[in-house]
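Take a look at the model below.

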Amino acid sequence: MLNRPSFFLAFRLKESVIDALRNTLVVLAPLILLYATHRQMAIAMAVGALLISLTDLPGNRRNKTLTALQSITVFLLISLLFSAALSKPVITGLMLVGFTFLLSMLAALGGRSTVVGTMGIILMVFILGLQPHEPLTFSFYLLAGCIWFYLISLIQVFLWPFRSLHQGLRETLSATADFLKAKANCYDPNVSLEESYRQIITLHLRVSEKQELVRQLLLSDRAAMRKSRPQVKRLLNSSIKVIGLYEQITAMHYDYEVVRRRLAPTGALIIITELINLLAEEADQSKKRILTRKFERYQELSIELGRIAIGLPTEEKAVVNGILTNVGAIRQLLEDIHFDRDNTVANSNFNAFLPRGDNYWQKFKLQLHFQSPVLRFSLRLALLFGIGYLATLFFTKDHYSYWLLLTIVIVARPKLAVTWQRNLERLSGTFAGVVLASLFIFLIKPAVILLAIASFALLGFFAWNRPRYGWSVCCITICVVICLSLYHGQPMVIVSARVWYSLAGCAVAFAGIFIFPVWINIELEELGRLAMEGNRLFLEAVVNRLEQQEIWLARKEAHLRLARLSEGIRHARVEPGKVDLPRIEHIQVLNYRINAVIISLFLSGRKLNHKSAEHTINYLTHDWVGTVYARGISEPEKDNHLLKGQGLLEELAYTLATFTRKI
């Protein structure tokens, strides 16, 4: 315990907090230095820095450099072309609709390009609202603000290249700790198994997202991966262990209904639940460097559980001893993570774990069909912008009417569930923000104090923009209302405009969901089939004893397919139309349990019974209408044994194959 704690687990401020402070200072710097002497330059540079800062997602040097080039190019073209057309309303409207469609289509190139496209659209809206008198000069000032921001951001990432990866690893470990707590509920008779599985699968989606981010941050930085520096090796080793910790937890899988029934009289369930929760606390506290506070209690529980196991019948004893072994393996992994133990990483082609590297044009072409969600959403948003622009052109001359378009582009999303959530957050944040801003304006008279409040609100906007969007909206509303009130006066006009245009924009965005809709419920059957196929491929890789990397890749693909199914179910819950969600959720649970048993068998290293494995693979290989290819296979015998292992896998696969039969 005297070892040096893992360097990535040491206490640090969250990356989002540091970036929020940096963004605030970078945006305020032009205003502080230039506003008194060069007002238009200061405003244009601040707007450029503010908008382009929102494209700066967590990433490594390669990610951020490519994003900087892409963002600056898009911002330069949009500011030059759109500003030049402002004097002609018809051309302005056509360019607004056309550029909105093209920039929305950037979502075909990936998540970072999606953000760049969205901010390019928002830039057009800001230009429309600012109405610069000298468009060319304004564009160059704005470009200077963009360059100023990314100059600071790139200097930061080149000085601390693994900052985002450290944060990603800490978040993954924290999410894994939550998953472990949920796993403990499977042994708690007071929690229904149905609720336990629902919670576990939800957390599986969260952990999968965090793990994929870690892979991207580490493996996509090819320059860093080629170096043999100890820090790179430790990061790679830590990443493998954090991901392996989740697999070890998943492998702790039994038929919990039978386990609860057979172990309830022994008192073992209470100890097992507390023991697992203790490990979850230790994993979650790792970021606080509280490493061994619960060690004595852990030892006491382990000894007590071992004593109980001695007096149990053969099957119960084997299960309890198996749980003790798995718990010990989890704790050993936690210690290895805490203290950077075993820094040797096998030579593997880790690039195979990255998504397929299609070029931009190939990715773009894949979306050029009418069933593409990207194309349908781009058409929808362009149409909504056309409607919004005509409404502001003919029905209002309000200086703040551009807030209608701003709300539409911020709230509108391809899927109904996300659009609805953004609507709620936008409206609640706006109402809270205008109330607080009004109180500040009427109670505080010194402009310096109000500007200080606006600056802190801007900091809050950056800090909560991604994790807490509603709070972020509240903060930016406070900042905008205070600043515009000091600049233009008439605070009540500003407040009412903010409220009414937010209401109108949210209404238009929500109504627009039914124009070229993107429904996920029609894809649920296919997502379920793909999850089933992913488990089959994973099992085949384990049965055929492929190279470890091939098994890891099959395991990763199976996890991603389960995550997509979970996300699809989450979206489908709020969509119109008839869909048998309980049936799909049952398929989801069966697929998850099958995946967990396969992981358990893989990690155990036991030689599998090929006849049982063949039966299981055949159960998982069918045409999704219940026709099992291997006709001669009968239903596996059911028993009440605890030590099922491969037998449990065969039962689950058969249940899934028969349950997916369409009637």
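This predicted model holds 25 salt bridges. One of them joins arginine 555 to glutamate 247, with the closest N and O atoms 3.5 Å apart. This pair links distant parts of the chain. Arginine 555 sits in helix α23, glutamate 247 sits in helix α10 (residues 230–250), and 308 residues separate them. Both arginine 555 and glutamate 247 are buried.

Another bridge connects glutamate 282 and arginine 331, again with the closest N and O atoms at 3.5 Å. Glutamate 282 belongs to helix α12 (residues 268–285) and arginine 331 to helix α14 (residues 314–339), so the bridge ties together parts 49 residues apart in sequence. Are these two partners buried or exposed? Glutamate 282 has 7% relative accessibility, so it counts as buried. Arginine 331 is buried too, with a relative accessible area of 4%.

Arginine 561 and glutamate 557 meet 3.0 Å apart, N to O. Both lie in helix α23, four residues apart, which is about one turn of the helix. Arginine 561 is buried at 14%, whereas glutamate 557 is partly exposed at 29%. Shared partners join Glu533, Arg536, Glu540, Glu557, Arg561 and Arg564 into one network of salt bridges.

Now consider a charged residue without such a bridge. Glutamate 575 lies in the loop between α23 (548–572) and α24 (581–604). It is buried, yet it forms no salt bridge. Where is the nearest side chain of opposite charge? That is lysine 415, 7.1 Å away. What does the side chain of glutamate 575 lie close to instead? One of its polar atoms is 3.0 Å from the backbone nitrogen of isoleucine 520. The backbone nitrogen of asparagine 521 lies 3.1 Å from a polar atom of this side chain. Glutamate 575 also touches other residues, including Leu416, Val518 and Trp519.

Step back to the whole chain. It has 26 helices and zero strands. Of its 663 residues, 55% are buried. Among contacts with a separation of 6 or more, 81% are between residues 24 or more positions apart.

Tyrosine 654 is 37 residues from isoleucine 617 in sequence and 9.7 Å from it in space, C-alpha to C-alpha.

Finally, look at the backbone. Most residues other than glycine have a negative phi. Glutamine 131 has a positive phi of about 50°, though it is not a glycine. It is found in the loop between α5 (111–130) and α6 (135–159). Phenylalanine 516 also has a positive phi of about 50°, and its place is in the loop between α21 (491–511) and α22.

Definitions and conventions. Residues numbered from 1 in each chain as written. Predicted model: local features only at pLDDT ≥ 70, side-chain atom pairs only at ≥ 80, totals over all residues. Heavy atoms only, no water. Helix = DSSP H or I, 4+ residues; strand = E, 2+ residues; numbered from the N terminus. Buried < 20%, exposed > 50% of the residue type's maximum accessible area, 1.4 Å probe, protein only. Lys, Arg positive; Asp, Glu negative; His and termini not counted. Salt bridge = Lys/Arg side-chain N within 4 Å of Asp/Glu carboxyl O. Polar contact = N/O pair within 3.5 Å; in protein donor to acceptor, adjacent residues only side chain to side chain. Contact = heavy atoms within 4.5 Å. Lists of a residue's contacts leave out its neighbours within four places in sequence.
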